[in-house]
Amino acid sequence: MRIAFLGTGRMGTELVLRLISSGSHDVVVWNRTPDKAHRSVAGGAKLAFTPENAIKGADLVMTCLFGPDAVEEIVMAPELLPEGTVWADVTTISPEDAKRQAEWAAARGVDFVHSPVVGTLGPARAGMLGVYVGGACPRAREVVHEAVKAYADPERLRCMESASEAATAKLLANLALAVTAQGVSEAIRLGAAQNLTAERVLDLLGSTGLAWMANFKRDFTLGRDTAEAQFSTNAIAKDVRLMLHTSNLPLPATSAALESLVQVQRNGGGEHDFSEMLQVEANHPVS
């Protein structure tokens with residue numbers, strides 16, 4: 001399959017490399033900053049210098065951008081996609097955005113699938129991401145399903161009837177990530193109040209519902225350089241704002257997580273791994 005892939009940021013690059021390594025796809029990439037496509041090109045992708053050139057002759061167009069505004073600017077406003085295109089958007093967006101994109105595509109004869117991924121760079125490199133494939137067109141879902149097998153955990157590859165449901169599922173997954181990180185952060189704070197080190201708190205969380213997060217981000221929490229971002233603070237903060245915008249009811253734990261993330265951003269850690277919020281608590285001296 002010939003795939004045009006627009007957006008080679010941290011996650012986009014890993015997806016491109018998995019698509020290429022599958023041996024089943026020729027991939028043409030475009031990125032607003034061409035230098036950020038270097039690893040993709042070194043891995044075997046062809047580089048296009050405009051989105052218009054990237055999509056020529058593509059069987060599938062995939063977008064992996066920072067948010068819905070970028071999708072609007074690069075795809076929708078310039079009317080990038082011709083009739084008959086199969087378009088899979090990997091970008092994390094709200095259900096409202098997914099519905100709007102699906103309506104935009106349908107009005108132009110474009111077959112739209114929303115296909116967000118769940119996981120960080122490690123699972124992406126291993127081809128073990130959670131993947132949702134949601135859209136109204138069965139043929140388009142089949143095309144996208146065939147492509148995403150290159151980086152999906154087969155046990156976590158789910159097809160859905162609508163793009164908005166896939167967007168909701170992705171927000172639910174990232175809500176769990178943000179809220180459990182906030183829980184570990186507060187556990188470290190509680191432990192410190194009783195003179196327990198962060199390492200000891202993480203050990204004690206091993207038999208609780210927070211065990212997964214405590215283990216997942218243990219190395220970052222205890223001092224690994226968070227500049228080696230697996231999932232940046234800026235990215236998850238953007239997703240948390242989408243959650244709060246999407247819900248018509250209060251989400252107190254999610255709001256608390258956003259406060260912690262915003263504090264990291266204010267301290268200059270926006271492009272650092274989101275576990276900076278845990279490391280900040282761990283670095284508070286035990287009294």
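Leucine 19 touches Ile3, Phe5, His25, Val27, Met62, Ala147, Ala150 and Tyr151, leaving out residues up to four places away in sequence; contact here means heavy atoms within 4.5 Å. This is a predicted model, in which local features need pLDDT of at least 70, side-chain atom pairs count only at pLDDT 80 or more, and totals for chains, interfaces and linings use all residues. Residues are numbered from 1 along each chain as its sequence is written, and side-chain values use heavy atoms, with hydrogens and water left out.

Let us start with the cores. The largest nonpolar core has 34 residues, and Phe5, Leu15, Leu19, Leu60, Met62, Val131 and Tyr151 touch the most other members. Apart from it lies another core of 28 residues, including Ala187, Ile188, Ala257 and Phe274. A nonpolar core is a set of buried Ala, Val, Leu, Ile, Met, Phe, Trp, Tyr and Cys residues joined through side-chain atoms within 4.5 Å. Buried means under 20% relative accessible area, exposed over 50%, and partly exposed in between (1.4 Å probe, protein chains only).

Now for the pockets. A pocket is found on a 1 Å grid over the protein atoms alone, as an open set of points where a 1.4 Å probe fits, with protein on both sides within 12 Å along at least five of seven lines; lining residues have an atom within 4 Å of a point. Grid points are joined across faces, edges and corners, and the volume is the space filled by probe spheres set on the points.

| Pocket | Volume | Lining by class |
|---|---|---|
| Largest | about 1100 Å³ | 20 nonpolar, 14 polar, eight charged residues |

The largest pocket has a volume of about 1100 Å³. Of its 42 lining residues, Arg10, Met11, Phe66, Phe231 and Ala235 are the closest to its centre. Elements giving two or more residues to this lining include α1 (10-21), α4 (68-76) and α12 (233-246), while α8 gives the most, with six. Helices (H or I, at least four residues) and strands (E, at least two) are DSSP runs, numbered from the N terminus.

The second largest pocket is lined by 14 residues, with Ala102, Phe112, Gly135, Ala136 and Cys137 nearest its centre. Two or more of its lining residues come from each of α5 (95-107), β6 (111-114) and α8. Here α5 gives the most, with four residues.

Several loop residues are worth a visit too. Glutamine 230, between α11 (218-221) and α12, is buried at 17% relative accessible area. Its side chain reaches the backbone nitrogen of glycine 122 at 3.4 Å. Beyond neighbours within four places in sequence, glutamine 230 is in contact with Thr120, Leu121, Gly122, Arg125, Lys217, Phe220, Arg224 and Asp273.

Leucine 65 sits in the loop between β4 (60-63) and α4 and is buried, with a relative accessible area of 15%. Leucine 65 and threonine 8 are 57 residues apart in sequence, yet 8.1 Å apart in space, C-alpha to C-alpha.

Two non-glycine residues have positive phi. Glutamate 79, in the loop between α4 and β5 (86-89), has a phi of about 55° and is partly exposed at 42%. Asparagine 195, in the loop between α8 and α9 (198-204), has a phi near 65° and is partly exposed at 46%.

Key
Nonpolar A, V, L, I, M, F, W, Y, C, P; charged D, E, K, R; others polar. Polar contact = N/O pair within 3.5 Å; in protein donor to acceptor, adjacent residues only side chain to side chain.
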